[in-house]
Amino acid sequence: MLTVFSAIKKLSCKYISCQSNLKSIFEVPPMPRPISVLLLALSLFTVTFAVNLQAPLYDVYAVESNVGATAVTVAFAAYVGGLMPTLMLLGGLSDRIGRRVPIALALVLGVVATALLVHIPGWSSLVIARVLLGVGTGLATTAGTAYMTEILGEHRARTAALIVTSATSLGFGGGALATGISLGIQGPTLMPYSYLALFGVAPMLTLIAFGLPRVDLPRKVSILRLPVFPAGTWMFGAAMALAWSTTGMTIAVVPLELAENDLGGWTGLVIFLAIFAGFLCQPMARRMTNNQALALGFVLIPLGFLILLSGVWLNALVLVLAGTCITSAASYGFTYLASLAEVSLRAPTDRARATAGLFVYAYFGFSLPVIASGALADWFGLLMALIIFALAQIISTMAIVLMWKRWSVRSAPAFR
């Protein structure tokens with residue numbers, strides 16, 4: 001990983017030194033703003049589309065390598081192993097070399113990761129692919145939000161954020177859904193139509209990325225962007241960790257149990273709902289106070305997972321889908337927006353690094369509890385692992401809510 005980061009840093013220095021010469025060589029007419037917005041959104045969608053593209057095939061890759069649930073969850077969490085170092089070590093890369101190169105590189109990494117799984121299907125390839133996808137997501141998301149705002153203008157920053165959130169939410173959920181549909185049409189295969197779609201679209205978008213307008217001015221800033229943790233924000237981080245641990249379980253462990261119950265064909269839809277249903281709840285969350293949104297999230301997280309667990313236990317698909325939507329409403333809706341808003345309010349002069357600190361909590365929850373549940377699944381079975389996780393989730397929720405109430409009594413109101 002350090003070798004990859006060193007290579008990218010060297011590339012950035014070379015890019016800065018020769019960019020003026022390249023500009024004169026590749027001068028093109030200005031691109032209309034609506035087309036630029038559309039192409040950038042499509043690029044961000046494609047980068048995130050690749051992230052969960054392989055999720056419905058996790059059990060197949062596990063069988064190919066004769067590994068258990070622990071190995072599958074480790075491979076799933078390898079994504080965080082690529083994402084977090086990229087956010088922290090290369091967070092300022094797009095400020096140094098411009099927005100287009102990181103986005104193009106992210107598209108290339110998505111293709112390389114998916115191609116690796118096609119040519120060498122198995123657990124080891126899945127781990128490497130997930131790391132590469134994490135690096136790509138880190139590069140694209142840091143550059144993409146800033147780039148969209150620069151194209152639309154600072155006065156439309158909220159619109160830019162909404163476009164980026166919509167594109168990435170659809171991408172994260174859409175990749176798994178597309179593979180699930182492809183497998184339903186083709187039957188068992190290691191080359192679903194969704195992979196072919198990525199191989200066809202991503203290279204074209206990589207070339208198009210270099211034709212997007214140059215509206216930013218590279219700055220000599222530090223590439224290293226370490227997160228900060230503002231005082232009084234731990235409970236928001238804990239809430240995010242709790243919410244995203246549920247999402248991680250839904251994406252990584254629940255599909256394994258669905259496959260055992262002959263419901264594997266629905267994995268893509270479950271993962272899509274686990275992400276996109278919450279995005280649909282965001283307008284409602286915006287109309288609530290942060291206090292109300294976070295409190296509702298604390299109710300929805302364990303409630304939704306208990307309904308999902310009941311569906312898995314009873315082999316009832318409707319309950320699985322309903323529970324997934326309810327937990328998603330918290331993970332990417334109420335808890336998500338309330339936590340982001342409060343962290344931003346408490347660090348007005350350093351919002352980007354404070355937000356990065358919040359996501360350290362979130363991805364901690366997204367990965368480590370999932371790996372622990374994978375180990376429990378190998379020892380006691382998948383269903384028992386899900387039950388143990390549900391109990392731990394309920395206890396953790398009660399503990400966090402209790403500490404939140406005590407903290408609220410001793411300090412000024414935390415929620416506005």
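Me: Is T137 buried or exposed?

Reply: A residue is called buried under 20% relative accessible area, exposed over 50%, and partly exposed in between, using a 1.4 Å probe and protein chains only. T137 has a relative accessible area of 2%, so T137 counts as buried. The model is predicted: local features need pLDDT of at least 70, side-chain atom pairs count only at pLDDT 80 or more, and totals for chains, interfaces and linings use all residues. Residues are numbered from 1 along each chain as its sequence is written, and side-chain values use heavy atoms, with hydrogens and water left out.

Me: Where does T137 lie, and which residues does T137 touch?

Reply: T137 is part of helix α7; helices here are DSSP runs of H or I with at least four residues, numbered from the N terminus. Contact means heavy atoms within 4.5 Å. Not counting residues up to four places away in sequence, T137 touches V47, V51, Y79, L83 and F172.

Me: How is the packing of two helices described?

Reply: Two packed helices are described by the angle between their axes and the distance between the axes. Each axis is a line fitted to C-alpha atoms over the stretch in contact, and angles run from 0 to 180 degrees between N-to-C directions. For α7 (residues 123–152) and α8 (residues 157–186), the axes come within 8 Å and cross at roughly 145 degrees. On the α7 side, T137 is among the contact residues, and on the α8 side F172 is one of them. This contact comprises 7 nonpolar, 5 polar and no charged residues. In that count, Ala, Val, Leu, Ile, Met, Phe, Trp, Tyr, Cys and Pro are nonpolar, Asp, Glu, Lys and Arg are charged, and the others, Gly among them, are polar.

Me: How do the axes of α4 and α7 cross?

Reply: The axes of α4 (residues 69–89) and α7 come within 7 Å and cross at roughly 30 degrees. α4 is therefore roughly parallel to α7, a term for angles under 35 degrees. Their contact divides into 16 nonpolar, 7 polar and 1 charged residues.

Me: How many disulfides does a search of the whole structure find?

Reply: A disulfide is a covalent bond between the sulfur atoms of two cysteines. The criterion is a pair of cysteine sulfur atoms within 2.5 Å, and the search of the whole structure finds 0 disulfides. The sulfur of C325 is 8.4 Å from the closest cysteine sulfur, in C281, which is too far for a bond. C281 counts as buried at 19% relative accessibility, whereas C325, at 28%, counts as partly exposed.

Terms used
Helices (H or I, at least four residues) and strands (E, at least two) are DSSP runs, numbered from the N terminus. Angles under 35 degrees count as roughly parallel, over 145 as roughly antiparallel, 65 to 115 as roughly perpendicular and the rest as oblique.
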